[in-house]
Amino acid sequence: MTTYSQVPPAVAEERVGPDANAKVGGTRRRIARRGGAPLFDSSERTLMSGFERRKRSVRFTLFAINALLLIVLLVAGLGPIIWLAKSAITPTQDTLRTPMEFFPGGTAWDNLWKAWVDVKISTQFLNTIWVAVGSWLVQMLVATTGGFALAILKPAYAKVVNALIIGTLLVPSVVLLVPLYLTILNPPLIGHSLINTFWAVWLPAGASAFNVVLMSRFMGGLPSEIFEAARVDGAGPFRLFWSLALPMSKPILGVVSIFAVLAAWKDYLWPLLVLRDPAIQPLSVRLPTLQQAIELDVYLAALAISTLIPIAIFLIFQRLILRGAGLGGAIKG
Amino acid sequence: MKSLRYKLGAAGTAAVLAVTLAACSGSGSDTDPATSGATGGSSAEPITLRVVSLIPGSDQAAFDAFDAQVAQFEAANPDIKIKSEEYEWTGPTFTAQLAGGTLPDVFTIPFTDGLTLIENGQLADITADFNKLDYADTFNPNVLAQVQDANGNVFGVPTAAYGSALHYNRALFEQAGLDPNSPPTTWDEVRADAKTISDKLGVAGFAQMAASNTGGWQLTVATYARGGRMEVENGGAVTVTADNEGTLKALQYLHDLRWDDNSMGADFLLDWGTVNQGFGAGQIGMYTSGSDIYTNLIQAQGMNPADYGATVIPLDGADSGTLGGGTIAAVNVKADDAHKAAAVRWMDFYYMQKLINKDAAVLDAKTLNESDQAVGVPALPIFDKATFDESRVWVKDYINVDQDHVSFFNDGIGAQALVPEPKAHTQELYAALDVVVQAVLTDKNADYTSMLKDVNKQIQSLIDAD
Amino acid sequence: MSSTTSRQRVTVVTRLTRWITGGGLSTLTFLLPLLLIFGIFSWWPILRAGVMSFQETNLVTSQWVGFDNFVKVFHDPSFFIAVKNTAYFALLALVFGYPVPLIGAVLISEVRRLKGLYTALAYLPVVVPPVVAVLLWKFFYSGSATGVFNTVLGWVGIGPQPWIQDAHMAMPSLVLAATWGAAGGTVIIYLAALTSVPPELYDAAEVDGAGIWRKLWNVTMPQLRGVLFITLILQIIGTAQVFLEPFLFTGGGPANATLTILLLIYRYAFQNSLGGDYGAATALSLMLAAFLAILSLVYFQATKRWSTS
């Protein structure tokens, strides 16, 4: 069977537009002639064509599949989260005995209060924010300055640095675990251990090759004429960076920032190792040990509180996140 | 010009990297400063002593009681300032802190690890300061042996000793129609009661810890109770005997309760914290653990004190005994003399005085009682039984643990032989035994005999390599 | 273009000055954060891992022991158990987690209304912090008859299952939970790839009379080939390093049924309260890294012939 990887030239030339006289696909021509934009522009279409969609059998099947898909997604994607929200305000015994019922014994809204105040989840919540902000700052600093230098200033040794950075992408993070831990115990240039300080989480976070590559690729794609013009006007590299490169990089900065914050929120193993004092532990490290120390309903409330911010960030920045997450899809083969 | 810029730029980068690398390789482990503030300061300036307080997750009242005692100590010792931190003896904590120089001056460790740390030279020698204490030679010799090296030098102060107990939920007993004032005294009775509870109430009648090294720990308890031993010492050479009769009997017992009676509930990967939690929530009828868990059950797990009951573990056969353990307060090996002396004074005040001095005991009990902390938890004597009994008489007005509920333990423990934990590579032994216990509880056809033989080989090779 | 004679007369100081004024110093300044951070927290630890794997250390002193660490790890019975379990996990994750996102993505890409809702729902589990997800699922997996999943099973008349309490069910349970949290990300990647399929290809296929299935096989799949190949190897590399699920769900149990390589590394390094075996831990991590590197090389060589140009 032929596979279609090369667009036959004849078809490629004929792009259906609002006023095109298409030679391909009779239906489409008919739609076009009805005046105005066609129902399904060839440039927008996916696997199924407009023609197929209008067949009754297809429409019915498609509807059924979509409905089923929606139900599956609701149950699988939303279900556990809804359950968590419900159980966060349900008393322990009800959750243990009848976990799937809705408030048979009434609600316990004070679980949330207890988690926040008595168990002091608020402390770990703030710690998580602290960790996220600090990691974000360090990542931004390293990626923007480094990316700028490699892409715009382009020193001759850029190739070596680039190779070293891409090299770290090939090394699985597990290799770093133990030696990085020992480095934090005895960091050079600093003299004393960084264990139990936020720096132990902030600084290594900056060593993200992914960020640097993204930034330098993006900045390298910026029109060089602007920089040339600025140089001619006598702008030094700091001006170039601050007034030109950074403002123009806002889109990529946004994507990198969101993912940096989300990653910091989710990080577990590394903070577990280096932040031993519960007073500075982020939520992800504290929650597992908390289970044995408090009652179940307060514990579930704590879990629910920890999901609030990431879900909120997701809902607000949905488009940005989904576009960034799909970046990999644009790269084929 | 380009080639020049290249050279200089490359040199610059190389210089940065070289400095970094040199600093990395140059920084050995000798850059750690002394752990606390002023070293050998003048007597006018108070030295800061970093001590451990309570395990994380303890409730606020417990911390308040601790702070009150700190205030008392500082008032009596104006030249010492106490700085406390929450502390729990877990995996990476100790070595990381020791290497990183953030280990507190005074911290607590279990008996299990004390001797190994002493051998490794990771605890401070406090013999001189220790001998200045007037009760230094009244310690129970078995207990003191846990903090001494081969030459009798002292490296810590034993602060608590416990035996193993069979804990049971009086409320569940009543609901199942059993008499809470007549707890089981043999293993068969335990089995029968467990079946009754699980059949009638649908909860686990008997539970066994199995994870995070507690599986091996409690299996050793069960082994000792049946006359077996995990390790045998013969003139300095240690042989691992995990497949002894006692262990085999214990595992068969677990197998029967789990698969024939189905009286062990549905959750088998329990560790110290989760089994306490299940027990406190009324999901477990009986289990064995250290005799000192009352505090955790009432405070952290919110158990109703009236439901708690403790009795001795049934002993079966010759050579049977109960596994003993305890806690040591030790001093950071990097502390200087001034801090060591201050440390011993703190340990004397906070851990020891309430055991030997009437006023201190009463004050301690009063403070704890007022903040709703447990007073009168079952314990074993650090000195001798007479001293222990006397200390209980002093504070009898403040005891809030119902002594009737734990009388079965208190009365019976005196008659039981106290057997110390296996000495060689205890942690690894317990971890290896965890696997066997988990296998028995989750796989009906687990061949535990051959698994125990594998444990023998595994731990023996560790011992032989020493 | 300076002549050779004039260059020879230039001193080092002048060269340095020219370099500084030529912007070399400022460039280096810009690169300083990156060089310092990467140097101290990435490049140096990587080198150190190699060094440590040949040493025995207790953080205070170290001594060279050659290949002893590697031999020790290789002879550890837990090593083979961990390798077996990790391979099992990766295989199950491929079976559950590889085709499902693809099917989901294809279906979602055909949705006309509320596509955003579908996409958001699919990605939502990815946003939930993994620790919360695991702790939540741990609760779902409670083995008692009143556990969440067991209650649901009870609705359709199936008896309570032991889930993670059973040596045989434990690993599939872990994979299910892990897939729940990760599938959404893959769906989004596939969706993006699907939208970049040139629509003219579908037109051309229809001209030739292709129906829905034929278009799927002969247009969509070949176009996705590149992405599919990449996500396959990425998934294998990712699942080979699974740590969180076995650590938080079962601690490697029951009876080491869920002990993975990463968990074994953690045990070597951090489990013993009296000091870990850092040499063995780094040796094992290097063994894993080498294996993954070789696997990737072989993979890319083998798929070179088949990737789309």
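1. In this predicted model, chain B contains an open sheet of four strands in the order β6-β9-β5-β10, with mixed pairing. Its edge strands are β6 (204-207) and β10 (308-312) of chain B, each of which pairs on one side only. Direction ignored, neighbouring strands of this sheet are turned by 25° against each other on average. Strand β5 (residues 164-169) of chain B and β10(B) run antiparallel and are joined by five bridges; within this pairing, B:A165 has B:V312 of β10(B) as its bridge partner. Helix α8 (residues 187-201) of chain B packs on the sheet, where it touches β6 and β9 (284-290) of chain B, and its direction makes about 140° with that of β6(B).

2. A backbone feature of chain B deserves a look during review. B:S212 has a positive phi of about 55° although it is not a glycine, and this residue is placed in the loop between β6 and α9 (214-225) of chain B. As background, most residues other than glycine have a negative phi.

3. On the α9(B) side the contact consists of B:G215, B:G216, B:W217 and B:L219, which meet B:L429, B:Y430, B:A431, B:A432, B:L433, B:D434, B:V437 and B:Q438 in α17(B). By class, eight of the residues in the contact of α9(B) with α17(B) are nonpolar, three are polar and one is charged.

4. On the domain level, chain B is divided into domain 1 (47-162 + 325-394) and domain 2 (164-324 + 416-464). The centres of domain 1 of chain B and domain 2 of chain B, taken over C-alpha atoms, are separated by 28 Å. Contact between them involves 17 residues of domain 1 of chain B and 16 residues of domain 2 of chain B. On the side of domain 1 of chain B that touches domain 2 of chain B, the elements that give two or more residues are α4 (111-119) and β4 (156-162) of chain B. That side of domain 1 of chain B has eleven nonpolar, five polar and one charged residues.

5. Chain C is likewise given as domains, namely domain 1 (4-52) and domain 2 (68-303). For domain 1 of chain C and domain 2 of chain C, the centres taken over C-alpha atoms lie 42 Å apart.

6. Turning to the helices of chain C, the axes of helix α5 (residues 77-97) of chain C and helix α12 (residues 212-240) of chain C come within 9 Å and cross at roughly 140°. That angle is why α5(C) is described as oblique to α12(C), and the crossing of the two helices, α5(C) and α12(C), is right-handed. The contact is made by C:T86, C:F89, C:A90, C:A93, C:L94 and C:G97 of α5(C) together with C:Q235, C:I236, C:T239 and C:A240 of α12(C). In the contact of α5(C) with α12(C), six residues are nonpolar, four are polar and none is charged.

7. The bond that joins C:G253 and C:P254 is cis, with omega about -10°, and C:P254 is found in the loop between α13 (244-250) and α14 (261-271) of chain C.

8. In chain A, helix α7 (residues 121-153) and helix α11 (residues 209-220) pack at an angle of about 45°, with their axes 8 Å apart. That angle makes α7(A) oblique to α11(A), and α7(A) passes α11(A) in a right-handed crossing. The residues of α7(A) that meet α11(A) include A:Q139, A:V142, A:F148, A:L150 and A:I152, while those of α11(A) include A:N211, A:V212, A:M215 and A:M219. Residues of the contact of α7(A) with α11(A) divide into nine nonpolar, seven polar and no charged.

9. Finally, the contact between chains C and A takes 93 residues from chain C and 91 residues from chain A. Helix α3 (residues 24-52) of chain C provides the largest share of the side of chain C that touches chain A, with 18 residues. By class, that side of chain C has 68 nonpolar, 18 polar and seven charged residues.

Terms used: Residues numbered from 1 in each chain as written. Chains lettered and ligands numbered in written order. Predicted model: local features only at pLDDT ≥ 70, side-chain atom pairs only at ≥ 80, totals over all residues. Axes fitted to C-alpha atoms, helices over the stretch in contact; angles between N-to-C directions. Parallel < 35°, antiparallel > 145°, perpendicular 65-115°, else oblique. Left-handed = near helix turned anticlockwise from the far one by under 90°. Contact = placed C-beta atoms within 7 Å. Nonpolar A, V, L, I, M, F, W, Y, C, P; charged D, E, K, R; others polar. Domains from an automatic or database assignment. Pairing = 2+ DSSP bridges.
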